[in-house]
Amino acid sequence: MPNESGDWIMKGLEWDDPYRIRTWEELINYINQVGFLPLFANEVPGFSAEEHVSPNFWWSGDAEQDPWLWREIIARSGKVAYGKFFNKKAGFISKEWFSTFANYRRNGYDFDALYEDGYASLRSKKIMDLFIKSDADDDLEFIEEPIYSNEMKQKAGFGKGGEKNFDGVLTDLQMKTYLVIRDFRKRKRKKDGAEYGWPIALYTAPEVLWNYDTVAGSYREDPDASFEKLINRVKEEYPWAPEEQIRKVLK
């Protein structure tokens, strides 16, 4: 999505190109084929949803053709994970590959252990306390109900007179795969229940989206080995891409 003369120029395929992705279901199939996929074009040519759809319907509001709306539908479906996973930018990870991502990005740590060992900030903990609690036996319990981003900000003590850099901390938790975007919903008026405004992201732990074993399934593997698996997977699908560029997108 390069900026040319102040205008955003979307990449993509011609309308009649037989390889163009035509529906959000086809996009899920492509994500599952590759294993993980950034939403927008990046340093690796072809490695994005943007480059496989029509460039003509972004932000059109047409649910049948608009990839920006597709990302909402895909997040809601729960069939793949959606969040800021690629160099602090949005994208998708399949269920099959999520544990490999999680092991590399988390370095084999659940969040409570990460914090206890001094590798997570108090600001991160204040957010994650909204999603995880320990039971009487000190086992992790994940809270099922997703949380609006604006409610999360307030409940975790960010904003005026409180903690700073909410967006940065939230992005970091997604990059480390501790949080994913589960849905997008508009707010509702208390008076009549009518929806208003723009859709707001709702977040959850990936362990709620699927289950703990799915997310932590690669913890016994060396995190560097998991990273090499991710690199090699991109090489298999996009053999023309320089490894340096692949590492930049995945790191």
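The chat below goes through a predicted model of one protein chain, from its overall build to single residues.

Student: What does the secondary structure of the protein chain come to?

Tutor: In this predicted model the protein chain has eleven helices and ten strands. Its radius of gyration is 19 Å, close to the 18 Å that the globule rule gives for 251 residues, so the chain is as compact as a globular protein of that length.

Student: And what does the C-alpha trace span along its principal axes?

Tutor: The C-alpha trace of the protein chain spans about 60 × 55 × 35 Å along those axes.

Student: How much of the chain counts as buried?

Tutor: Of the 251 residues, 47% count as buried. The accessible surface comes to about 13200 Å², and carbon and sulfur atoms hold 47% of that surface. As for the contacts with a separation of 6 or more, 60% of them are made by residues 24 or more positions apart.

Student: Switching to pockets, what volume does the largest pocket have, and which residues are closest to its centre?

Tutor: The largest pocket has a volume of about 650 Å³. It is lined by 28 residues, and the closest to its centre are W68, R71, F184, P199 and A201. The elements that give two or more residues to this lining are the helices α2 (67-77), α6 (149-155) and α7 (166-175), together with the strands β4 (80-86), β5 (89-94), β9 (180-188) and β10 (195-204).

Student: How does the lining of the largest pocket split by class?

Tutor: The lining has 16 nonpolar, five polar and seven charged residues.

Student: Back to W68, then: where is W68 found, and what is W68 in contact with?

Tutor: W68 is found in helix α2, and, leaving aside neighbours within four places in sequence, W68 is in contact with L39, F40, W58 and W59. W68 and E50, which are 18 residues apart in sequence, have their C-alpha atoms 9.8 Å apart in space.

Student: W59 is on that contact list; what about the phi of W59?

Tutor: Phi of W59 is near 60°, a positive value in a residue other than glycine. As background, most residues other than glycine have a negative phi. W59 lies in the loop between β3 (36-38) and α2, and at 45% relative accessibility W59 counts as partly exposed.

Student: Which other residue has a positive phi, and is that residue buried or exposed?

Tutor: T177 has a phi near 65°, again a positive value in a residue other than glycine. T177 lies in the loop between α7 and β9, and at 0% relative accessibility T177 counts as buried.

Student: What about cavities: how many are there of 30 Å³ or more?

Tutor: The count comes to one cavity of 30 Å³ or more, and the largest cavity has a volume of about 50 Å³. The residues that line the largest cavity are R106, D110, F111, M128, I132, L140, F142, Y178, A205 and E207. By class, this lining has seven nonpolar and three charged residues, with no polar residues.

Student: Take F111 from that lining: is F111 buried or exposed, and what does F111 touch?

Tutor: F111, which has its place in helix α4 (residues 111-116), counts as buried at 6% relative accessibility. Not counting residues up to four places away in sequence, F111 touches A120, S124, K125, M128, I132, L173 and Y178. Among these contacts, M128, I132 and Y178 also line the largest cavity. F111 and R185 are 74 residues apart in sequence, and their C-alpha atoms are 27 Å apart in space.

Student: Where is S124, and which residues is S124 in contact with?

Tutor: S124 is in helix α5 (residues 122-128), and S124 is buried, with a relative accessible area of 4%. Leaving aside neighbours within four places in sequence, S124 is in contact with F111, V169 and L173.

Student: Last one, what is E195 in contact with?

Tutor: E195, which has its place in strand β10, is in contact with K186, R187, K188 and R189, leaving aside neighbours within four places in sequence. The C-alpha atoms of E195 and I246, 51 residues apart along the chain, are separated by 41 Å.

Notes
Residues are numbered from 1 along each chain as its sequence is written. This is a predicted model: local features need pLDDT of at least 70, side-chain atom pairs count only at pLDDT 80 or more; totals for chains, interfaces and linings use all residues. Side-chain values use heavy atoms; hydrogens and water are left out. On a 1 Å grid over the protein atoms alone, a cavity is a set of points where a 1.4 Å probe fits but cannot get out, and a pocket is an open set with protein on both sides within 12 Å along at least five of seven lines; lining residues have an atom within 4 Å of a point. Grid points are joined across faces, edges and corners, and a volume is the space filled by probe spheres set on the points. Ala, Val, Leu, Ile, Met, Phe, Trp, Tyr, Cys and Pro count as nonpolar, Asp, Glu, Lys and Arg as charged, and the others, Gly among them, as polar. Helices (H or I, at least four residues) and strands (E, at least two) are DSSP runs, numbered from the N terminus. The radius of gyration is taken over C-alpha atoms; the globule rule is 2.2 Å times the number of residues to the power 0.38. Buried means under 20% relative accessible area, exposed over 50%, partly exposed in between (1.4 Å probe, protein chains only). Contact means heavy atoms within 4.5 Å. Accessible areas come from the Shrake-Rupley method with a 1.4 Å probe; for residues, only the protein chains shown count as cover.
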